[in-house]
Amino acid sequence: MSLSKRARQFQEFLEQRGLGLTVTELPDSTHTADEAARALGCLKGQIVKSLVFRNTATDAPVVVLASGSNRVDVARVGAALGHPIAMADVAFVRRVTGFPIGGVPPLGHRESSDLFVDEDLLDFDEVWAAAGTPHAVFRIPGKITEILPEHTVLTIA
């Protein structure tokens with residue numbers, strides 16, 4: 001199956017970084033963690049939710065990579081950052097990441113951000129993340145932290 005334009009662009013990003021990871025587009029939506037886990041036949045906890053917030057003091061992007069089973073404790077992430085955070089709106093997410101909500105991958109964003117990783121993701125030998133569209137995913141074998149830029153591992157739930 002050939003990839004859509006956005007998924008192909010993300011595949012090219014992965015190749016340029018020499019990560020050896022492959023984007024797959026599925027016929028079923030992977031927009032939510034529940035949908036993705038069903039479509040992939042994996043545990044909900046193995047789904048990486050890339051959630052974009054705003055630092056309310058600076059308006060800078062803050063990205064939280066959360067296990068699909070967890071809900072982000074915004075106060076806890078804000079305390080770790082040193083400033084309160086608020087959920088970003090659709091336009092902000094697209095502007096800072098270059099991707100639509102539901103398709104935001106854990107890396108390859110237009111703008112750099114403070115990046116937090118849910119420690120529960122490290123319990124898995126493989127996780128799955130969005131790859132540019134609500135139908136595109138890629139499998140990350142090993143620990144997700146091995147492919148990420150500078151980040152902080154945190155208990156987010």
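Predicted model: local features only at pLDDT ≥ 70, side-chain atom pairs only at ≥ 80, totals over all residues.

Reader: What kind of aromatic pair do Phe10 and Phe13 form?
Author: Rings of Phe, Tyr and Trp (its six-membered ring) pair if their centres lie within 6.5 Å; planes under 30 degrees apart are stacked, over 60 edge-to-face, and the rest tilted. The structure holds three such aromatic pairs. For Phe10 and Phe13, the centres are 5.7 Å apart and the planes 25 degrees apart, making the pair stacked.

Reader: And which helix holds Phe10 and Phe13?
Author: Helices here are DSSP runs (H or I, at least four residues), strands are runs of E (at least two), and both are numbered from the N terminus. Phe10 and Phe13 sit three residues apart, about one turn of the helix, and that helix is α1 (residues 5-16).

Reader: What sort of pair do Phe10 and Phe99 make?
Author: Their ring centres are 6.2 Å apart, with 85 degrees between the planes. The pair links distant parts of the chain, as Phe10 is in helix α1 and Phe99 is in the loop between α4 (90-97) and β5 (114-118), 89 residues apart. Going by the angle, the pair is edge-to-face.

Reader: Moving on to Thr133, which side chain does its side chain make a polar contact with?
Author: Thr133 is in the loop between β6 (126-130) and β7 (136-141), and it counts as buried because its relative accessibility is 12%. A polar contact is a pair of N or O atoms within 3.5 Å; within protein, one must be able to donate a hydrogen and the other to accept it, and residues adjacent in sequence count only if both atoms are side-chain atoms. At 3.5 Å, the partner of Thr133 is the side chain of Glu25.

Reader: How far apart are the C-alpha atoms of Arg76 and Thr155?
Author: Arg76 is in helix α3 (residues 74-81). Contact means heavy atoms within 4.5 Å, and Arg76 touches Leu154, Thr155, Ile156 and Ala157, not counting residues up to four places away in sequence. Arg76 and Thr155 are 79 residues apart along the chain, yet their C-alpha atoms are separated by 8.1 Å.

Reader: How many salt bridges does the count come to?
Author: The rule asks for a side-chain nitrogen of Lys or Arg within 4 Å of a carboxyl oxygen of Asp or Glu. One of them joins Asp34 and Lys44, with the closest N and O atoms 3.2 Å apart. The count comes to five.

Reader: Where do Glu111 and Arg95 lie, and how far apart in sequence are they?
Author: Their side chains meet in a salt bridge (3.3 Å, N to O). Glu111 is in the loop between α4 and β5 and Arg95 is in helix α4, so the pair ties together parts whose separation in sequence is 16 residues.

Key
Residues numbered from 1 in each chain as written. Heavy atoms only, no water. Buried < 20%, exposed > 50% of the residue type's maximum accessible area, 1.4 Å probe, protein only.
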